[in-house]
2 protein chains.
Amino acid sequence: MFLKDIGEFGLIERIGRGCLIRSEGVIKAIGDDAAVIRTRPGRVQLITTDLLLERVHFLREAASGADLGYKALAVNLSDIAAMGGTPREAFVSIAVPEDCRIEFLEDLYRGMKALAARYEVNILGGDTTASAADLVINVTLAGEADPSEVLYRHGACVGDVVCVTGSLGDSRAGLHLILNRIAADGPDRQALVRAHLRPRPRVAEGRFLAACGAVHAAIDISDGLSSDLGHIAAASGVGACIHTRQLPLSAPLKAFCGEFGRDPVDQALAGGEDYELLCTVAAQAFESIQDRYARRFGRPLYPIGKVTATGEMVRVDSDGNTVRLAPSGWDHFAKNGAARRCRR
Amino acid sequence: MFLKDIGEFGLIERIGRGCLIRSEGVIKAIGDDAAVIRTRPGRVQLITTDLLLERVHFLREAASGADLGYKALAVNLSDIAAMGGTPREAFVSIAVPEDCRIEFLEDLYRGMKALAARYEVNILGGDTTASAADLVINVTLAGEADPSEVLYRHGACVGDVVCVTGSLGDSRAGLHLILNRIAADGPDRQALVRAHLRPRPRVAEGRFLAACGAVHAAIDISDGLSSDLGHIAAASGVGACIHTRQLPLSAPLKAFCGEFGRDPVDQALAGGEDYELLCTVAAQAFESIQDRYARRFGRPLYPIGKVTATGEMVRVDSDGNTVRLAPSGWDHFAKNGAARRCRR
């Protein structure tokens, strides 16, 4: 049996059993954006890790070292953001093929350190080794939070407003431009490529949402809205109804879709690597939170639907039709080959 | 410029600058077996990470999944052991090529979980992804210690006794058998292969040495005795004198060296992947510690030399000749190709 037969989540299910040896002090083990461990009264530690490989997550010739270093840390910052935490210490493992230039690696660390400095994160260690073929980067990031303010995937309640922190689908469109070597000429295309290469981790937004006391569940959108909403729904035992006309779609995405014959709603639902936060907010608190959020960040918190009791996810399209919303987005072990985008 | 031109430590020196953004709470950043972070009064957290790649650190066809999973965790346990800590929580990233069987991965996690259970370590998270070519495993391990009992590389004092916890060179001999597809027939060869595939992390030994209050510096022998002693010497600003006839050499290693025309002392000095602890002990306390160690573990703590004020490392051979001891062992970016064993 191979991984394409059972998929990434099938693998996680198989290997996840028997991993918890001591439950004392462990608040959340495998199954959320980060593990949550009790450290001292009033604080918990959050730990997350992400592995990036050449030819799977990036093409060395299509990104600068600085972009790559930025992104390797950013995706971890996004996980800590989704838990409502403050990122603290990073550990970076890197495997370097023989044909990789020192200058590229220095640029990579420059990009990573600049982002680390912006978020006050230390890089405290790591491992460096050779690689026979691909450049490999693994970042482990530890953060911290108040235990009463941690955001999990499992808390969504029926009636909650489903929200996102920013526009969706841009990163996927940017990836299309990069993979097809389409020149990023003009500000629209540049914005899309930038959304893919330099996603902005929503750390302050995550902290705000965690502190406001009415956010019941959260995740960062790495696999795609429908997939990641599926994770919240599954962990919370609820369904969800998304109104597609409420999805925040950027002008550059709409221009891209017009030009390349894509449906912007599909792009937004299956996006992947948006690194916006997706959360569910108690309905009675939503307006006040939305208001405070907009004043604090100068951008809206976008309501896109509701949590339902049905146990399934649906989308209501602009023509009023309700159709089942299937998780779609990245599965690294999709049947049609490693690291292909799949629809399941 | 390429990595073979500046080596692994040249790279670490270049990329290590500017990694510490906040010094508050950080007791040790880059440069030891693990980072040391203050968590709560009376406790520090230790964090280490190790990246293992196919065709660099292992051959998939030459090890069972269970051996590989065991070793990926064991090398991290050894780092925590070298700091005198208690290992606690592990995070496992894995990148899987298309031709890797589920059964192999399940076996890998089985080997890792069995070792985790033995050391009471939780596996609390990770990342799973595809790989275009090689199987990649990164383990990050967090541990803890009493801040007054952490063992660093930098504390060695002139006059200290240099000690190791077990025999050296076996792992390298086992690797030779594996790489050259020499049948591991008979208990001697099996012991050597086992030393390579299933190194025993010296966690209890590290805790004992840390608690006895007279161990000034420690490291685990991953690169090879002469290299790792060089790390202690450099970090402590001292030299060392090793008596080669005091090196613990196993009977299987001697048999191997007889058969394959190797010098067992060279094998022990340049070994690599022994995962024994190397430490320096206050001279006046040594005998009492050695005595207690032997009673506790049923094996000796081997004195192999002295810390000196010369600033250089020498070996005194059995014929009484004193020669300079050059660091030798693994450098992943050695000039003669990635992941080749080098003599510098």
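The structure is a predicted model, in which local features need pLDDT of at least 70 and side-chain atom pairs count only at pLDDT 80 or more, whereas totals for chains, interfaces and linings use all residues. Residues are numbered from 1 along each chain as its sequence is written, chains are lettered from A and ligands numbered from 1 in the order in which they are written, and side-chain values use heavy atoms, with hydrogens and water left out.

At the interface, 76 residues of chain A are in contact with 75 residues of chain B, where contact means heavy atoms within 4.5 Å. The size of an interface is often given as the accessible area lost when the parts come together. The area buried between chain A and chain B is about 6,600 Å², and carbon and sulfur atoms give 62% of it; buried area is the accessible area (1.4 Å probe) that two parts lose on being put together, summed over both. Of the area that chain A buries against chain B, Arg22(A), Ile102(A) and Leu124(A) supply 10%, more than any other three residues.

Between the two chains, 36 residue pairs are in polar contact, both residues being at pLDDT 80 or more. A polar contact is a pair of N or O atoms within 3.5 Å; within protein, one must be able to donate a hydrogen and the other to accept it, and residues adjacent in sequence count only if both atoms are side-chain atoms. Several elements give two or more residues to the side of chain A that touches chain B, including helix H1 (3-16), helix H3 (102-118) and strand E5 (122-131) of chain A. Helices (H or I, at least four residues) and strands (E, at least two) are DSSP runs, numbered from the N terminus. The largest share of this side, 10 residues, comes from E5(A).

Side chains of opposite charge can pair when their charged atoms come close. The rule for a salt bridge (a side-chain nitrogen of Lys or Arg within 4 Å of a carboxyl oxygen of Asp or Glu) finds six across the interface of chain A and chain B, and the count over all chains comes to 49. In one salt bridge, the side chains of Glu106(A) and Arg14(B) meet at 3.0 Å, N to O. This pair crosses between chains, from helix H3 of chain A to helix H1 (residues 3-16) of chain B.

In chain A, seven strands form an open sheet with mixed pairing, in the order E8-E10-E7-E11-E9-E12-E13. Two strands pair if DSSP finds at least two bridges between them. Strand E8 (215-220) and strand E13 (322-324) of chain A are the edge strands, each pairing on one side only. Strand E12 (residues 313-316) of chain A and E13(A) pair in the antiparallel sense over three bridges, and Val316(A) has Thr322(A) as its bridge partner in E13(A).

Chain B has an open sheet of seven strands in the order E8-E10-E7-E11-E9-E12-E13, also with mixed pairing. Strand E7 (residues 161-164) and strand E11 (residues 302-308) of chain B pair in the antiparallel sense over four bridges, with Val162(B) opposite Gly305(B) in E11(B).

Arg200(B) lies in the loop between helix H5 (187-197) and helix H6 (203-211) of chain B. Not counting residues up to four places away in sequence, Arg200(B) touches Tyr70(B), Tyr119(B) and Tyr275(B). The C-alpha atoms of Arg200(B) and Leu115(B) are separated by 9.8 Å, although these residues are 85 residues apart along the chain.
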